[in-house]
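Please walk through this structure with me, from confidence to strands, helices and loops. Keep the sequence and the model open side by side.

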Amino acid sequence: MQQISRTSRQPPWWLPGSLSVLAIAALAGLPLLALVNEASNIELIDTISDPYNQRVIQFSFYQAILSTLLSVILAIPLAIALSREPRFFGRNLLINLFSLSLVIPTIVAIVGMVSVFGRSGLINQLLQTVGLQSFSIYGLHGILLAHVFFNMPLAARIFLQSLEKIPQEQWRLAVQLGLPSSSRWRFIEWPAIRSQLPGISILIFALCFTSFTIVMTLGGGPRATTIEVAIYQALRFDFDIDTAVTLALIQLILCSLIMIATHSFGAQTAQGISSIKLPHHTYYTSGHYLNGLIIGVAALFLITPLASLFAKAFNPTTFSVITHSKTLSAVINSTVVALCAGALAVAMGIGLQLSARHLRIRLNKDSSGKVMQLLGNVILVIPPVVLGTGLFILLRPFADVFALALVIVIAINSLMALPFVLRILEGPVLQAAQQHDRLIQSLGIHGVIRWRLLDWPLLKKPIGYSMAIASTLAAGDLSAIALFGSERITTLPLLLYQRIGSYRHYEALTTAVILLLLCLALFFILQRVIGGKANA
Amino acid sequence: MLELNELRFSFGKDAYQFDLSVDTHSTTAIMGKSGSGKSTLLNLIAGFLKPGSGDVQWQQESLLSLPTEQRPITTLFQQHNLFPHLTIHQNLALGINPSLKLDQEQEQQLRQSLDAVGMTGMENQGAISLSGGEQQRVALARCLLRQRPILLMDEPFSALDEATRESMQALTRETIKNNKLCAIIVTHSHHDATALNANTYTLVNGRLDSPT
């Protein structure tokens with residue numbers, strides 16, 4: 001009984017979670033209140049019935065529905081082709097490329113796409129040589145093209161995972177029964193895909209509905225503006241706070257509805273980040289040429305913009321871009337924003353998960369624990385530009401919001417990264433306790449010692465990964481800095497946007513590659529520094 | 001003496017009431033089908049669960065107000081007794097001091113406990129490299145290091161293969177005898193009870209039968 005005198009002066013279990021909840025409440029709740037408060041002084045109906053705003057709301061839905069349909073419909077044949085061709089050189093590389101959209105900033109990919117599909121790009125040169133009308137990447141076409149570029153691979157990857165989970169016995173049975181391709185599709189492949197359809201469709205719809213960077217760079221004007229971009233324009237160009245607030249409220253309500261829909265359709269699909277490795281075998285003996293064609297076209301579509309980016313990054317302007325003082329200060333600002341937002345997101349994520357784990361495992365309150373985690377997804381209901389509008393209104397009476405740009409951008413970006421951090425950490429945090437909880441309790445290990453000895457060794461890899469993802473997202477984000485940036489304070493995405501906007505195409509290409517390299521460096525270095533060696 | 005007095009617990013539509021009195025130096029086996037509440041009984045004694053009413057007393061003093069880690073109890077679980085990412089030394093040291101700071105004497109005790117379970121000199125191996133039987137031996141060594149008079153065992157041999165099981169049973173029996181422990185094992189196997197020379201109770205319909 002030697003240890004009985006040892007009293008445990010450890011922080012209580014609810015402390016980390018409460019700190020995180022407080023932080024989220026301050027960063028998201030206060031701006032939201034400011035927004036609602038401001039709205040009470042506005043003639044909402046007048047602003048909503050304004051024809052321009054009506055048009056914007058319609059277009060937001062229209063482009064999101066079209067983007068979702070195109071992405072999902074094109075992803076199905078690609079996933080089928082990949083599942084029927086389990087072995088070819090570069091298959092894994094290609095599939096990993098599908099999830100690279102997490103690391104490649106949207107605006108960088110857009111620069112690559114413009115250099116392929118733009119006015120003087122490869123595609124239009126081809127069209128001209130065969131005497132066809134040229135294709136414009138600006139407007140609805142470009143928005144759809146870019147949305148498909150980002151979301152079709154995401155859908156294909158999730159469909160493929162579902163296809164690869166089909167038990168081998170089903171395929172063998174199909175062969176024994178002599179089922180033709182059409183029946184195999186109908187009875188084996190289609191059910192696997194259909195089960196993922198609602199979840200993936202609503203996920204892509206939500207992403208496209210709130211898409212900011214793509215619409216801002218490729219759309220614009222009365223004919224191709226979404227609510228997100230209209231809020232930005234109202235706030236930054238028209239100084240029309242009434243319109244900004246009204247649109248922000250509409251966006252808030254619509255996003256809440258989408259969020260509810262996501263939950264009722266089971267958002268499980270979105271969790272499929274890791275892929276399962278099974279000894280894979282195909283039971284198809286024909287159709288290789290068609291499969292090859294589909295995979296080839298998809299690979300070209302995804303790889304060409306990135307390849308073009310690198311091919312044109314070294315141009316006569318490269319040296320002056322790299323040495324320009326603006327570039328240098330943007331690199332520094334972006335790095336600071338990325339690291340601070342990443343650290344903040346990871347800290348909030350760990351806090352939430354540790355307390356949620358106590359609720360779920362020790363206190364047996366699984367649903368309360370899950371509700372606690374859901375708080376971290378607040379950004380899905382309050383998209384960045386809406387949150388920015390709230391912060392703008394909240395802080396305007398007290399401070400020069402443009403001087404505080406970096407701090408505000410860090411706050412918004414950390415909330416944007418939080419859902420990813422939570423998703424990465426949830427499994428490992430639970431796992432680090434599930435099997436050993438009673439043992440941990442009976443040995444009386446808590447607080448800091450438990451963290452250092454039992455949690456950290458198991459969690460440092462997922463923490464490193466989530467820090468890498470969060471920082472990379474923050475480094476590549478345009479939405480928050482677009483609202484609060486200025487001539488004085490820019491980050492790389494904003495600088496890149498300005499260079500695209502002023503048609504300095506070559507300078508933009510070089511800047512895009514610098515931003516991409518910064519993101520890749522953050523992604524790999526943070527994982528290595530925090531998580532330790534790969535496979536250690 | 002360890003006594004359970006009208007110790008009641010209910011979960012959903014299952015209700016239990018335990019009355020039991022065992023000697024300070026004795027071995028008791030609680031038998032029963034899976035789902036009969038054997039583990040619930042151990043969890044109540046160890047403090048993982050809070051009873052609805054009744055009392056758990058050790059040497060005439062109630063244990064209910066003590067947090068789990070301060071009760072005079074140590075537990076050997078069926079599996080997952082060791083943290084796989086830590087070394088054997090670290091796993092054992094956790095039983096003495098959760099901050100892993102040991103003095104010379106404690107280091108000595110740690111080595112002796114490994115000798116006692118036949119794992120001499122294996123301190124620096126990682127727990128992940130051990131077989132199921134070796135893991136249970138190390139876990140038993142940690143139970144000894146904790147110097148608690150009551151040893152609770154929850155199906156400690158069920159995850160082992162037959163040959164390993166027999167040697168582990170013999171080791172456990174000797175350990176209980178040499179350290180004069182009050183041991184309670186829950187198991188679904190008569191062989192476990194016989195191998196430990198235990199007084200056997202059966203758990204039926206949420207109550208304990210008198211010894212057979």
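**Loops, sheets and helices**

Lys180(B) counts as exposed, because its relative accessibility is 54% (buried means under 20% relative accessible area, exposed over 50%, partly exposed in between, with a 1.4 Å probe and protein chains only). Lys180(B) sits in the loop between helix H5 (162–178) and strand S8 (182–187) of chain B. Helices (H or I, at least four residues) and strands (E, at least two) are DSSP runs, numbered from the N terminus. The phi of Lys180(B) is positive, near 50°, and the residue is not a glycine. Most residues other than glycine have a negative phi.

This is a predicted model, in which local features need pLDDT of at least 70, side-chain atom pairs count only at pLDDT 80 or more, and totals for chains, interfaces and linings use all residues. Residues are numbered from 1 along each chain as its sequence is written, chains are lettered from A and ligands numbered from 1 in the order in which they are written, and side-chain values use heavy atoms, with hydrogens and water left out.

How confident is the predictor in chain A? Its mean pLDDT is 86, and 94% of its residues reach 70 or more (pLDDT is the predictor's confidence in each residue, from 0 to 100). Residues 1–7 of chain A fall below 50, and this stretch has 13 contacts beyond near neighbours in sequence (contact means heavy atoms within 4.5 Å). Residues 267–279 of chain A also stay under 50. There the model has 20 contacts beyond four places in sequence.

Gln147(B) lies in the loop between helix H4 (132–145) and S7 of chain B. At 39% relative accessibility, Gln147(B) counts as partly exposed.

S7(B) pairs with S6(B) in the parallel sense over four bridges (two strands pair if DSSP finds at least two bridges between them). Thr75(B) stands opposite Leu152(B) in S7(B). Within strand S6 (residues 73–76) of chain B, Ile73(B) and Thr75(B) point one way, while Thr74(B) and Leu76(B) point the other way. All four are buried. In a regular strand the side chains alternate between the two faces of the sheet.

Chain B also holds an open sheet of four strands, in the order S2-S1-S4-S5, with antiparallel pairing. Strands S2 (14–22) and S5 (61–62) of chain B are the edges, each pairing on one side only. Inside, S1 (residues 2–11) and S4 (residues 53–58) of chain B are antiparallel over five bridges. Gln57(B) in S4(B) is the bridge partner of Glu3(B). Helix H1 (residues 38–46) of chain B packs on this sheet, touching S1, S2 and S4 of chain B. The direction of H1(B) makes about 115° with that of S1(B) (axes are lines fitted to C-alpha atoms, for helices over the stretch in contact, and angles run from 0 to 180 degrees between N-to-C directions).

Thr40(B) belongs to helix H1 of chain B. Thr40(B) is buried, because its relative accessible area is 15%. Beyond neighbours within four places in sequence, Thr40(B) contacts Phe9(B), Tyr16(B) and Leu49(B).

Back in chain A, Phe310(A) is in helix H14 (residues 288–313). Phe310(A) counts as partly exposed, at 40% relative accessibility. Leaving aside neighbours within four places in sequence, Phe310(A) touches Val513(A) and Leu516(A).
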